[in-house]
Amino acid sequence: MLAASVALVAFLGLTGYALDRAFVQTAQNALRERLANLANAYIQESEFDRTGAFISPEIPPDTRLLSPGSGLYANVRGEGLSWESASALGRSLPPVEFLKPAEKRFEGPLRIVDARGLENSVYAYSMGVIWESAGDFPITFSVFEDAGQIQDQVNVFRRALWGYLVMAALLLLLVQILVLRWSLLPLRDVERELSRVRQGRSQRLSGRHPRELESITESINSLIESERSHLERSRNTLSDLAHSLKTPLAVLRSRLDADASHEELRAEVGAQVQRMNEIVSYQLSRAARSGHALYSAPLEIEPRAEEIVAGLEKVYASKGVFCEFEIDPAARFHGELGDLQELMGNLVENAFKWARKRVLLTVTVEPAPDNRRPGVSFVVDDDGPGIPPEQVERLLQRGVRGDERVQGHGIGLSIVQDIVAAYRGELTVGPAPELGGARFAVRFPPAY
């Protein structure tokens, strides 16, 4: 608001200065034209007598030339000639340079002194004339007018101009403040809603915001949901870890209470420690996959897919399975590299496991509206036996512990479901229309 106010005041100040200079120049030009017309009219009515004396008209074009101290003066200068109007009585007019014939000059303000020694300023218009009736006698005719008159006009204009500009500035500043406060109301609403979220009185920002703020509020809501989901997953992982470790610890306690031999106890401790190590490793890896960075650099998909497929073709070389690609070069995954590798690795490995000879990996880009990042879809088809429709729902059920997940297509599909849920995507399972086997399709919508 301060910057806008300073800019407004500076603009009005420059505007006022420009108008002031334009008015001064206009007033001076008008004075010049008036003095030029007066000089021409005066010259036309003047004459020289036989002795070469200058004779002014009895009634001049402006009667102020007859009144001393009227503010309008005239004089004639030539070789051996010096004449001044009656109005110049008691005034010391400024000297004027002798001009060539047809030469004209407008000057001012010039200083003059009256009989009392008081200084004043005048504007002067001079013109060079050849007087033919006097034998082509060159003279310089000058007309002077008091600068106070034009200064009075300028002062009146300046008072009116700056008065109106000050009123306009105050009015515009008031309007600007009101407009800025009104236009920033949505930001204050967002601030209040964020305060409610911090206080726990609300779960997210509302969707009632102007179009210009939709991208910001959606990103904030995504960040809030991501952090809340990450915290919930961390708590679940710790709960699962504690629950998973209860059984090995209970076994060790029972062996200690049973007074087992040293060798039996040693073997049992080794087995249970190995089991606990596997549980901890699995839960840690699961926690690492439980979420994603909301703002991540886009990752190229095609190079990673080639690495994964090359490794799987070696593992399943005995089956002779061949994988084909249909990957859009512009496709990008906005997330963690490990999530991309786990997602494609488990989907493609699952297809290799059940395919007879062919696997097809298709990756396409989903266009997005302005200011949103595009989505991406992964589709993996195989020519295996497929999945009966009645088994799809059971296949997509999420387990809680690793032991409960080793069903159907194995733990890999559960990892895929975790990643898809973390990125707020969609996983669908159905028949492959071209290869006849199963199709696993994962879609991440735009601005996911």
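Let's start with Glu 300, which lies in strand β9, residues 298-300. A word on terms: helices (H or I, at least four residues) and strands (E, at least two) are DSSP runs, numbered from the N terminus.

Now the ground rules. This is a predicted model, where local features need pLDDT of at least 70, side-chain atom pairs count only at pLDDT 80 or more, and totals for chains, interfaces and linings use all residues. Residues are numbered from 1 along each chain as its sequence is written, and side-chain values use heavy atoms, with hydrogens and water left out.

Back to Glu 300. Is this residue buried, exposed or partly exposed? Glu 300 counts as partly exposed, because its relative accessibility is 41%. The cut-offs: buried is under 20% relative accessible area, exposed is over 50%, and partly exposed is in between (1.4 Å probe, protein chains only).

Together with Glu 302, Glu 306 and Glu 307, Glu 300 forms a negative surface patch. Patch residues have over 30% relative accessible area and no salt bridge; like charges are joined within 9 Å, nonpolar side chains (Val, Leu, Ile, Met, Phe, Trp, Tyr) within 5 Å. A salt bridge means a side-chain nitrogen of Lys or Arg within 4 Å of a carboxyl oxygen of Asp or Glu. Helix α6, residues 302-315, gives the largest share of the negative patch: three residues.

Next, Ala 330. You find Ala 330 in the loop between β10 (322-327) and β11 (332-334). Ala 330 has a relative accessible area of 54%, so Ala 330 is exposed. In sequence, Ala 330 and Glu 302 are 28 residues apart; in space, C-alpha to C-alpha, they are 9.3 Å apart.

Leu 171, Val 175, Val 179, Trp 182 and Leu 185 make a nonpolar surface patch of about 510 Å². Here helix α2, residues 147-183, supplies the largest share, four residues. Trp 182 sits in helix α2. Why is Trp 182 called exposed? Because its relative accessible area is 64%.

Last stop: strand β15, residues 438-444. Five of its seven residues are buried. Strand β13 (residues 375-382) runs antiparallel to β15, joined by six bridges. Strands pair if DSSP finds at least two bridges between them. Val 380 stands opposite Phe 440 in β15. Strand β14, residues 426-431, is also antiparallel to β15, with six bridges. There, Gly 430 has Arg 439 of β15 as its bridge partner. The β14 and β15 hairpin has six residues between the strands, and in this hairpin Gly 436 takes a positive phi near 90°.

Note on methods:
Accessible areas come from the Shrake-Rupley method with a 1.4 Å probe; for residues, only the protein chains shown count as cover. Lys and Arg count as positive and Asp and Glu as negative; His and the chain ends are not counted. The place of a charge is taken as NZ of Lys, CZ of Arg, CG of Asp or CD of Glu.
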